[in-house]
Amino acid sequence: MKTVRLREGKERSLLRRHPWVFAGSVDKGGGDSGETVRVQAADGRFLAWAAYSPRSQIRLRVWSFDEAEHVDAAFLERRIAAAVALRTRLPIASDGVRLIHGEADGLPGLIVDRYGELLCAQFLSAGTERWKGAIADALLAATGCARLYERSDSGVRTLEGLAPVTGWLRGDGTTGVTIREHGWRLAVDVAQGHKTGYYLDQRDNRARFAELVRRFGAQRVLNCYCYTGGFTVAALAGGAAEVMSVDSSAPALERARAHVADNGFDAARAGFADADVNAYLREQLKAEARFDAIVLDPPKFAPTAAHAERAARAYKDINRLALKLLAPGGLLFTFSCSGGVGAELFHKIVAGAGIDAGVDGALLARLEAACDHPTTLFFPEGEYLKGLAILSR
Ligand code: SAH
């Protein structure tokens with residue numbers, strides 16, 4: 001068993017059960033990519049069993065803080081079974097479910113989404129890469145699913161020194177599946193879609209949006225960064241007369257258009273624009289358009305805290321434009337999925353946008369990722385999606 005010794009004082013975060021050790025905290029020792037190592041303090045005390053990642057700044061990701069635990073296939077089976085069992089007890093109004101949410105489920109770097117009977121996984125760390133076969137078997141055993149598709153094509157793999165990989169890990173056949181979210185029919189393609197195919201984290205916020213569109217009688221709705229139209233369907237279900245959906249991805253827009261028809265809504269109620277959102281918002285302002293409800297769900301502008309300042313300007317800009325486009329008493333659902341921009345900072349950014357737009361608003365709700373994407377006590381960095389539901393005045 002290989003050992004990694006930390007520098008004096010660098011054991012503190014592990015003692016607080018934080019699952020990461022950065023390269024600068026390592027004194028000596030190491031292992032192969034993804035190999036399980038024994039992590040000890042400068043004085044030799046046991047701290048954790050962790051996966052070693054020789055190329056990553058996050059040099060160690062903890063599997064277990066229990067010295068008696070063996071990191072083997074049975075260990076992974078237990079962790080995976082526990083995560084799957086937790087989901088059966090959570091209020092999830094869909095058969096599209098985040099089964100494994102990385103560190104929050106004690107499986108650093110592993111993301112698994114279930115779409116009906118189809119599983120889709122991302123192996124984003126050296127440790128999960130090394131245990132891929134055992135993880136795949138455990139996933140099938142815990143879920144009863146027969147098919148598992150791999151989407152390890154996220155850029156963060158590069159930081160671990162891992163090449164992108166996609167394809168069937170278990171089973172084969174069509175990569176398309178239709179899920180039911182709040183009773184809506186949504187098609188997902190695990191091979192073609194973004195990430196694992198769909199943004200499950202916004203599930204509850206889509207239902208909330210439908211409810212508020214109905215409550216406030218919003219007629220003209222603008223869905224920015226619509227992807228495959230989850231919020232578009234929500235707005236139509238909430239009774240909106242017309243919904244304009246904007247995205248820069250043509251295949252996503254095509255899907256969004258199909259979703260309107262698949263859910264029995266009149267195509268005349270839905271418009272689509274293949275455009276850059278920022279440019280689109282400016283055009284609409286020039287044309288003096290107004291909307292009763294707007295969704296802003298942009299991609300991650302700040303991958304890390306180091307990008308927070310530039311990201312803040314980008315968030316402020318689109319929020320300023322959106323607030324100006326809102327009719328009085330209009331509803332804004334605005335989000336950031338940047339880990340580097342905390343909820344408090346995001347609130348400040350949107351407040352700044354309100355000052356510039358000359359629009360105040362009442363916070364109806366603070367929004368976050370659905371409960372199958374948990375944040376844990378010991379790993380607050382896991383919190384990434386935050387949003388505000390604002391009623392302008
Ligand atoms: N709200 C969606 C998820 C949005 S993901 C849902 O509920 O499913 C972010 C989307 O922004 C992606 O579909 C991506 O294609 C789109 N996008 C990224 N940059 C963009 C830009 N500058 N203008 C328009 N769309 C953009």
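## The interface of domain 1 and domain 2

In this predicted model, about 1,200 Å² is buried between domain 1 and domain 2, and carbon and sulfur atoms give 56% of that area. Of the area that domain 1 buries against domain 2, 49% is supplied by Arg55, Arg61 and Trp63, more than by any other three residues.

The protein chain is assigned three domains, with the bounds listed here.

| Domain | Residues |
|---|---|
| domain 1 | residues 3-64 |
| domain 2 | residues 73-181 |
| domain 3 | residues 199-392 |

A distance of 25 Å separates the C-alpha centres of domain 1 and domain 2. Domain 1 brings 17 residues to the contact, and domain 2 brings 16 residues.

In a salt bridge between side chains, Arg61 meets Glu103 at 3.2 Å, N to O. Arg61 is also one of the three residues that together supply 49% of the area buried by domain 1 against domain 2. Between these two domains, seven residue pairs are in polar contact, with both residues at pLDDT 80 or more.

On the side of domain 1 that touches domain 2, the elements giving two or more residues are β5 (46-52) and β6 (58-64). The most comes from β6, which gives five residues. Sorted by class, this side of domain 1 holds seven nonpolar, six polar and four charged residues.

Key
Residues are numbered from 1 along each chain as its sequence is written. This is a predicted model: local features need pLDDT of at least 70, side-chain atom pairs count only at pLDDT 80 or more; totals for chains, interfaces and linings use all residues. Side-chain values use heavy atoms; hydrogens and water are left out. Domain bounds come from an automatic or database domain assignment. Contact means heavy atoms within 4.5 Å. Buried area is the accessible area (1.4 Å probe) that two parts lose on being put together, summed over both. A salt bridge is a side-chain nitrogen of Lys or Arg within 4 Å of a carboxyl oxygen of Asp or Glu. A polar contact is a pair of N or O atoms within 3.5 Å; within protein, one must be able to donate a hydrogen and the other to accept it, and residues adjacent in sequence count only if both atoms are side-chain atoms. Helices (H or I, at least four residues) and strands (E, at least two) are DSSP runs, numbered from the N terminus. Ala, Val, Leu, Ile, Met, Phe, Trp, Tyr, Cys and Pro count as nonpolar, Asp, Glu, Lys and Arg as charged, and the others, Gly among them, as polar.
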